[in-house]
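Welcome! Please take a moment to look over the sequence and the model shown here before reading on.

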Amino acid sequence: MDKSMMGDIDAMPEEDKMRMSTMIDQLQVRDSLRMYNSLVERCFVDCVDTFRRKSLDKQEESCIRRCAEKFLKHSMRVGMRFAELNQGTATPDT
Amino acid sequence: MDKSMMGDIDAMPEEDKMRMSTMIDQLQVRDSLRMYNSLVERCFVDCVDTFRRKSLDKQEESCIRRCAEKFLKHSMRVGMRFAELNQGTATPDT
Amino acid sequence: MDKSMMGDIDAMPEEDKMRMSTMIDQLQVRDSLRMYNSLVERCFVDCVDTFRRKSLDKQEESCIRRCAEKFLKHSMRVGMRFAELNQGTATPDT
Amino acid sequence: MAANNAQAAAQAAFEKDQMFGMAANEMEYRVDLFNRLTQTCFNKCIEKRYKEAELNMGENSCIDRCVSKYWQVTNLVGQLLGSNRPPM
Amino acid sequence: MAANNAQAAAQAAFEKDQMFGMAANEMEYRVDLFNRLTQTCFNKCIEKRYKEAELNMGENSCIDRCVSKYWQVTNLVGQLLGSNRPPM
Amino acid sequence: MAANNAQAAAQAAFEKDQMFGMAANEMEYRVDLFNRLTQTCFNKCIEKRYKEAELNMGENSCIDRCVSKYWQVTNLVGQLLGSNRPPM
């Protein structure tokens with residue numbers, strides 16, 4: 001989500017701009033907290049399967065690290081491709 | 001979601017009616033946008049499984065069309081049955 | 001979700017306290033309605049698989065009862081453990 | 001006096017906000033119930049290869065019974081939770 | 001006159017709330033679309049044993065095609081729903 | 001002067017709205033975390049045939065360890081995301 005999606009925000013009176021900007025900020029915070037929760041859930045589900053101890057073992061911990069890192073890289077790549085499609089700059093079929 | 005669910009809306013002062021009606025409209029818009037997103041996700045998951053090309057092939061496209069159409073028909077039927085149960089007009093066990 | 005999570009709520013002016021408390025109440029109601037819906041969905045998915053009749057049979061009904069009861073007990077236990085971790089009183093690894 | 005009026009107005013506005021908040025919660029609950037019911041019965045009843053766009057007879061009767069049973073489960077769980085409000 | 005002004009102000013405030021509500025809906029829709037797309041393409045393209053933290057070449061090209069196809073499905077379903085607005 | 005007062009009041013109301021919005025976000029985050037944790041550990045630990053309504057000993061200890069490990073994953077992912085706030 002980026003602020004540029006509200007194209008006409010510049011034309012607003014000062015107080016509305018402030019309100020809109022606050023609203024966008026709060027939606028972004030909410031969105032990133034949800035993303036955090038869903039990332040934790042996904043990596044936990046994929047990496048943790050035994051419950052014989054209370055603490056993560058080494059293998060689980062490194063699985064979690066790779067999962068989170070991989071998801072973030074994936075998410076960034078999706079964001080780039082998505083932005084290209086939004087702007088109509090995507091390349092023809094390959 | 002239909003507006004009739006707020007039974008006492010007619011008894012409200014004019015300005016509250018307007019506010020309630022706007023609230024209902026906005027929840028409906030939100031709901032239908034979510035439905036749209038979830039329909040896209042469902043049909044994509046069920047119909048698209050190969051990623052050798054950038055574009056949908058004929059078979060995937062017709063699967064998507066049937067999936068979306070079928071889901072909408074299903075959703076309408078569920079809505080009818082649901083309304084009957086809400087109004088207590090459902091028929092006895094068969 | 002408990003009200004104690006807003007630590008400084010006591011320091012607020014009276015009207016803000018009231019507003020905060022209403023907001024928390026409404027989030028709690030929303031949360032418990034969602035929990036109700038998700039419990040129904042989960043137990044239905046796990047317990048009901050045949051659609052030859054319009055009514056639940058005895059076996060399905062008792063499955064639903066045990067599922068719901070078990071989920072609530074599970075949820076309470078998770079809540080207790082979660083609270084301990086929040087307060088740093090969890091016991092060392094076992 | 002003026003202060004009293006202002007306070008009463010603030011109180012009234014507050015109670016109105018509360019009422020609208022409750023109505024919004026109620027509507028969200030119903031939409032959430034309907035959406036979960038729709039998704040769940042689709043998963044239980046619909047053949048996923050989508051050979052045709054029409055619902056066939058078996059799917060239609062499965063949907064009707066699925067909605068009916070889901071409704072019963074909603075009532076049953078409501079009783080267990082000690083809420084004596086009907087789901088709607 | 002004063003009453004008229006107050007009414008006009010209330011009306012203006014109401015319309016502004018409406019506009020902000022619509023903008024919030026629009027933003028939530030886009031975020032929801034992006035999140036579903038991200039989750040779905042992760043499920044379709046990423047090897048779940050997480051042997052390494054890097055995306056490999058196969059995963060990268062799968063992601064690009066997945067995003068592209070998902071976009072097409074969004075447009076296609078939009079057409080079927082009779083909305084002639086583009087997904088964005 | 002009056003205009004200044006009105007402006008200051010509007011500013012104060014705006015900041016208060018902001019504070020309430022932040023508090024609502026924070027609460028939603030915690031509820032979301034708790035719900036995902038509850039659902040996930042139910043899926044990992046509970047036998048789905050529901051032969052009885054009680055949690056057995058194996059399920060109970062599985063739940064305790066599941067919550068503990070989920071908590072650790074929350075902290076670990078929080079560190080990776082560069083947030084130095086604890087999950088709560």
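This is a predicted model: local features need pLDDT of at least 70, side-chain atom pairs count only at pLDDT 80 or more; totals for chains, interfaces and linings use all residues.

Across all its chains, the structure holds 12 disulfides. A disulfide is a covalent bond between the sulfur atoms of two cysteines.

**Disulfides of chain A**

- Counting the bonded cysteines along chain A, you will find that its disulfides follow the pattern 1-4, 2-3.
- One of the links is between C43(A) and C67(A), whose sulfur atoms lie 2.1 Å apart.
- This pair ties together distant parts of the chain: C43(A) sits in helix α1 (residues 14-47) of chain A, while C67(A) sits in helix α2 (residues 58-87) of chain A, 24 residues apart.
- The torsion about the S-S bond of C43(A) and C67(A) is about -85°, so this disulfide is left-handed.
- Are these two cysteines, C43(A) and C67(A), buried or exposed? Both C43(A) and C67(A) are buried.
- C47(A) and C63(A) are also joined by a disulfide, with 2.1 Å from S to S.
- Here again distant parts of the chain are linked, as C47(A) belongs to helix α1 of chain A and C63(A) to helix α2 of chain A, 16 residues apart.
- The link of C47(A) and C63(A) is left-handed, with -70° about the S-S bond.
- C47(A) is buried, and C63(A) is buried too.

**A disulfide in chain B**

- In chain B, a disulfide connects C47(B) with C63(B), at 2.1 Å from S to S.
- C47(B) lies in helix α1 (residues 14-47) of chain B and C63(B) in helix α2 (residues 58-87) of chain B; they are 16 residues apart, and the pair links distant parts of the chain.
- The S-S bond of C47(B) and C63(B) has a torsion of -70°, and the link is left-handed.
- Both C47(B) and C63(B) are buried.

**Chain D: an annotated span and one residue**

- In an unreviewed entry, UniProt lists residues 20-81 of chain D as "domain: Tim10-like".
- That span, residues 20-81 of chain D, is 81% helix and 0% strand, and its end C-alpha atoms lie 25 Å apart.
- With the bonded cysteines of chain D numbered in sequence order, the pairing is 1-4, 2-3.
- Now find D64(D), which is part of helix α2 (residues 57-80) of chain D.
- Why does D64(D) count as buried? Its relative accessible area is 18%, and buried means under 20%.
- Which residues touch D64(D), leaving aside its neighbours within four places in sequence? They are R77(B) and R81(B).
- The side chain of D64(D) makes a polar contact with the side chain of R81(B), at 2.9 Å.

**Where chain A meets chain E**

- At this interface, 33 residues of chain A are in contact with 37 residues of chain E.
- About 3500 Å² of area is buried between chain A and chain E, and carbon and sulfur atoms give 66% of that area.
- On the side of chain A, K70(A), H74(A) and F82(A) lose the most area to chain E, together 21% of what that side buries.
- How many salt bridges cross the interface of chain A and chain E? There are 7 salt bridges.
- In one salt bridge, the side chains of R77(A) and D64(E) meet at 2.9 Å, N to O.
- Chain A and chain E also have 18 residue pairs in polar contact.
- Both α1 and α2 of chain A give two or more residues to the side that touches chain E.
- The largest share of that side of chain A, 16 residues, comes from α2(A).

Notes. Residues are numbered from 1 along each chain as its sequence is written. Chains are lettered from A and ligands numbered from 1 in the order in which they are written. Side-chain values use heavy atoms; hydrogens and water are left out. UniProt positions are given in the numbering used here, feature names are shortened, and annotations may be inferred rather than shown by experiment. Helices (H or I, at least four residues) and strands (E, at least two) are DSSP runs, numbered from the N terminus. A disulfide is a pair of cysteine sulfur atoms within 2.5 Å. Buried means under 20% relative accessible area, exposed over 50%, partly exposed in between (1.4 Å probe, protein chains only). A polar contact is a pair of N or O atoms within 3.5 Å; within protein, one must be able to donate a hydrogen and the other to accept it, and residues adjacent in sequence count only if both atoms are side-chain atoms. Contact means heavy atoms within 4.5 Å. Buried area is the accessible area (1.4 Å probe) that two parts lose on being put together, summed over both. A salt bridge is a side-chain nitrogen of Lys or Arg within 4 Å of a carboxyl oxygen of Asp or Glu.
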